[in-house]
Amino acid sequence: MDLKSFMEYERKSLEKMKKYQLPNWFKKIGIGIILISIVAFFVNKFSIEDIDIKLISKYGILVGLLLISISKEKIEDELITSLRMQSYTFSFIAGVIITLLTNPIFNFIANFISQRQGENFQEVGDWEILWILLSVQVFYFEFLKRMNK
Amino acid sequence: MKNRLKIERAILNLTQDELAKKIGVSRQTISSIEKNRYVPSTVLALKLSLLFEKPINDFFELEDSEISILHKLDKKTD
């Protein structure tokens, strides 16, 4: 294998990673969707109390986080790809640990405060798990980028 | 892995930003390599080699600990 074909092979393998990513401007759309969803969530909480709006705003936050998560950086190079992979790994591990620990710890504290034993409070649902995974990934990725400046 | 990227860059009188643009990466990547926080891919190392007109071994070098592991492996195979 000569030098050029070797470089081409490695470049193509890096390009494969970028296929599922969206252009950088989707990040702004993601932030916009999150802000609108948060505003809708609070307006709903303190005035209208419509269950549909609550549900839409909760899933809006997830869609916004997903758009931020899969949007490319302005310069998407191999360091960014490596940091992105690190952040996905970290968020997966953190997500599993937080999900496993949240219920017992939350229940223990709640039982301790209420002085009632054996009562189970609300469990971690699908929205909470997805929110943990996506928000940990987005914030840890930003943290890694700042650390590497 | 140790590197002499900063020195090689100084020889060519290039800033981090200029070098980054020449090889198609961000300034952040050059800074991370120089500070030994990131080990570049073979493609990037070969691009740097073409730019500096020097073999990769001239500006990337294994740490002593990494070399000693290789010596230990050699002894085992003997």
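Author: Helices here are DSSP runs of H or I, at least four residues long, and they are numbered from the N terminus. The model is a predicted one.

Take helix α2 of chain B, residues 16–23. Asn13(B) sits in the loop between α1 (5–11) and α2 of chain B. Its phi is near 55°, a positive value in a residue other than glycine. Asn13(B) counts as exposed, because its relative accessibility is 67%.

Now the helix itself. Gln16(B), Leu19(B), Ala20(B) and Ile23(B) are the buried residues to look for in α2(B). They span an arc of only 100° around the axis, so they lie on the same side of α2(B). What does this buried set pack against? Its partners are α1, α3 and α4 of chain B. Turn to the other side of α2(B), and Lys21(B) and Lys22(B) are exposed.

The spacing has a simple background. An α-helix has 3.6 residues a turn, so residues three or four places apart point the same way.

A salt bridge uses that spacing too. Lys21(B) and Asp17(B) are both in α2 of chain B, 4 residues apart, about one turn of the helix. Their side chains meet in a salt bridge at 3.4 Å, N to O. How open are the two ends? Lys21(B) is exposed because its relative accessibility is 65%. Asp17(B) has 36%, so this residue is partly exposed.

Elsewhere, salt bridges that share partners join Lys27(A), Glu73(A), Glu142(A) and Lys145(A) into one network. One link in chain A is Glu142(A) with Lys145(A), whose closest N and O atoms are 3.2 Å apart. Both residues belong to helix α5 (residues 126–147) of chain A, 3 residues apart, about one turn of the helix. Glu142(A) is partly exposed at 25% relative accessibility. Lys145(A) is at 12%, so this lysine counts as buried.

A further pair in chain A is buried at both ends. Glu76(A) bridges to Arg84(A), with the closest N and O atoms 2.9 Å apart. Glu76(A) is buried, at 12% relative accessibility. Arg84(A) is buried as well, at 2%. Buried means under 20% relative accessible area. Over all chains, the structure holds 9 salt bridges.

Just after α2(B) comes Gly24(B), which takes a positive phi of about 75°. Asn36(B) lies in the loop between α3 (27–34) and α4 (42–52) of chain B. Its relative accessible area is 42%, so Asn36(B) is partly exposed.

To recap the helix: the buried residues of α2(B) pack against α1, α3 and α4 of chain B. Lys21(B) and Lys22(B) are exposed on the other side. A loop with Asn13(B) lies between α1 and α2, and Gly24(B) comes just after the helix.

Note on methods: Residues are numbered from 1 along each chain as its sequence is written. Chains are lettered from A and ligands numbered from 1 in the order in which they are written. This is a predicted model: local features need pLDDT of at least 70, side-chain atom pairs count only at pLDDT 80 or more; totals for chains, interfaces and linings use all residues. Side-chain values use heavy atoms; hydrogens and water are left out. A salt bridge is a side-chain nitrogen of Lys or Arg within 4 Å of a carboxyl oxygen of Asp or Glu. Buried means under 20% relative accessible area, exposed over 50%, partly exposed in between (1.4 Å probe, protein chains only). Helices (H or I, at least four residues) and strands (E, at least two) are DSSP runs, numbered from the N terminus. The arc is that of the directions from the helix axis to the C-beta atoms. Contact means heavy atoms within 4.5 Å.
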